[in-house]
Amino acid sequence: MKKRILIISMVATAFFSQRLKAQDCKTSVELDAAPGKYLTAAQYPWPAARAEYFNKMSTATDKAMAKKILGDLEKTEALSHTGFNFTGGSWENVYSTEGNHYLGNVKLGQYSFQAALYEYFCAKGKLTRNSEYSTIMRMYVNQLQLTTLDKYLSAPFGSSFPAYDFGIQYADWKNHKPADVNAQLINLFTYITCNNKQLLEAINSGNNYFQDVADKDIKINNRNNYIYRYWFIKKKDIPVLIPVSRKEYLQSLLEYYEREKIHFTKLVAQLKEEKSGSLKYYANWEKDVADKISVVNKAISDHDEKWLSAQSVINPADDNSKNYNAKLPEQTNYNRFWKFYDNEKNMGGLYKYNPEYFKTSAKGPASPQLITIAFRYVTMPSSLRMLNNFTKNFDFGAARKMVE
């Protein structure tokens with residue numbers, strides 16, 4: 001894959017260099033003032049790549065929906081250029097699809113539209129398109145968790161059991177097919193932590209934007225530090241994320257521990273068959289799991305409904321530290337409950353996808369229910385021009401009309 005990307009990048013450089021070779025350049029001012037070029041997703045110069053745009057959508061209906069929505073988003077973004085004097089580079093669009101993934105209990109089709117700025121540079125006196133980009137805008141349909149937001153928004157429990165995958169993490173593990181890696185998970189693996197109130201407000205309200213660097217901390221004319229600005233296009237008056245209560249969390253731990261019994265039984269049998277030296281780490285797994293269950297049951301029985309209904313606030317790093325200090329075997333003491341937290345360092349409130357927000361659509365899984373816009377920029381003039389024009393002129397109302 002990396003080799004293929006490198007070849008495409010080299011071909012792209014040659015392709016655009018050919019188109020720009022007639023233009024001379026001497027200074028950075030000339031480069032920045034040179035007329036810009038737009039390239040739509042349909043104009044992407046490699047037919048094989050365009051043919052793969054919708055390959056991961058499972059049905060013809062989903063492909064048609066993804067094609068329509070991405071086309072509408074691209075047209076809406078293009079309209080924001082009206083009257084805009086675009087200079088200094090090439091603004092190029094592509095589509096991509098990720099297939100169907102669960103958000104809570106609903107499986108949704110995920111796909112995205114991307115536009116990137118390939119700035120001009122001077123090579124031997126000729127205007128040349130850079131093969132890399134610093135400025136990029138992506139619109140993700142039916143997707144919230146992004147790697148660029150991991151500092152604030154993350155899945156604290158991962159999505160699987162450690163060591164050997166027997167499919168026990170899936171809600172319907174008995175009928176699970178190994179190829180279906182996007183099947184519905186048990187509750188614990190669907191939870192999210194969010195440690196930033198401004199981000200949570202932006203997600204749940206759909207108003208304003210969230211930026212990962214405060215304006216006061218931004219240094220001008222800096223190409224090395226990426227800044228992300230996010231908008232969340234959503235349905236009106238319904239929060240996307242809602243708190244997970246202490247009772248819900250504790251019950252999800254009990255569900256997880258029951259799956260651990262199945263997991264460890266299968267794992268130990270496998271290790272015995274392999275005559276693995278790792279078997280020693282699981283010698284007391286039944287006692288450890290029974291103890292974890294006892295601790296959780298006690299937490300439930302010792303508290304009233306008011307306490308249990310409060311939001312779960314967790315600190316996995318501190319829990320792991322307690323495990324270590326108690327000299328508990330790591331392999332059989334994952335997700336051991338110690339306590340709920342409040343204002344301690346590294347704490348995070350626990351959230352889940354709102355079942356009242358995400359609904360199965362009659363139009364199919366690819367029907368958009370949420371759109372996340374992520375605009376990455378640097379504080380160079382060409383990048384700031386693109387960011388400011390998008391922020392001011394993109395029709396967010398038109399995008400909201402696409403959300404069911």
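The count of salt bridges comes to 14. The model is a predicted one. Side chains of opposite charge can pair when their charged atoms come close.

| Lys-107 | Asp-180 | 3.7 Å |

**Salt bridges**

The side chains of Lys-107 and Asp-180 meet in a salt bridge.

Are the two partners buried or partly exposed? Glu-119 has a relative accessible area of 14%, under the 20% limit, so this residue is buried. Arg-223, at 38% relative accessibility, counts as partly exposed.

Lys-352 lies in strand S12 (residues 348-353) and Glu-248 in helix H6, so the pair ties together parts that are 104 residues apart in sequence. Glu-248 counts as partly exposed because its relative accessibility is 25%.

**Lys-234**

Which side chain of opposite charge is nearest to Lys-234, and how far away is it? The nearest is Asp-237, 6.7 Å away. A salt bridge requires nitrogen and carboxyl oxygen within 4 Å, so Lys-234 has none. Lys-234 is placed in the loop between strand S9 (227-233) and strand S10 (241-243). Its relative accessibility is 6%, so Lys-234 counts as buried.

The side chain of Lys-234 does come close to backbone oxygens. The backbone oxygen of Ile-238 is reached at 2.9 Å, and that of Asn-204 lies 3.2 Å from a polar atom of the Lys-234 side chain. Leaving out residues up to four places away in sequence, Lys-234 touches Ile-203, Asn-204, Ser-205, Gly-206, Val-240, Tyr-357, Leu-370 and Val-403. Thr-372 is 138 residues from Lys-234 along the chain, yet their C-alpha atoms are separated by 8.7 Å.

**Charges over rings**

Tyr-357, one of the residues touched by Lys-234, has the charged end of Lys-235 over its ring, 4.7 Å from the ring centre. Arg-129 lies over the face of Tyr-118, at 3.9 Å from the ring centre.

**Aromatic pairs**

A pair of aromatic rings is described by the distance of the centres and the angle of the planes. The structure holds 33 aromatic pairs. In one of them, the rings of Phe-264 and Tyr-282 have centres 5.9 Å apart and planes at 45°, so the pair is tilted. Phe-264 is in helix H6 (residues 246-274) and Tyr-282 in the loop between H6 and helix H7 (285-301), 18 residues apart; the pair links distant parts of the chain. Phe-264 and Tyr-282 are both buried.

Phe-337 and Phe-340 form another aromatic pair, likewise tilted, with 5.0 Å from centre to centre and 55° between the planes. Phe-337 is buried because its relative accessible area is 8%. Phe-340, at 11% relative accessibility, counts as buried too.

Which residues make up the aromatic cluster? Trp-91, Tyr-209, Trp-231, Phe-375, Phe-390, Phe-394 and Phe-396 form one such cluster.

Notes:
Residues are numbered from 1 along each chain as its sequence is written. This is a predicted model: local features need pLDDT of at least 70, side-chain atom pairs count only at pLDDT 80 or more; totals for chains, interfaces and linings use all residues. Side-chain values use heavy atoms; hydrogens and water are left out. Rings of Phe, Tyr and Trp (its six-membered ring) pair if their centres lie within 6.5 Å; planes under 30 degrees apart count as stacked, over 60 as edge-to-face and the rest as tilted. Helices (H or I, at least four residues) and strands (E, at least two) are DSSP runs, numbered from the N terminus. Buried means under 20% relative accessible area, exposed over 50%, partly exposed in between (1.4 Å probe, protein chains only). A charge sits over a ring if NZ of Lys or CZ of Arg is within 6 Å of the ring centre and within 35 degrees of the ring normal. Lys and Arg count as positive and Asp and Glu as negative; His and the chain ends are not counted. A polar contact is a pair of N or O atoms within 3.5 Å; within protein, one must be able to donate a hydrogen and the other to accept it, and residues adjacent in sequence count only if both atoms are side-chain atoms. Contact means heavy atoms within 4.5 Å.
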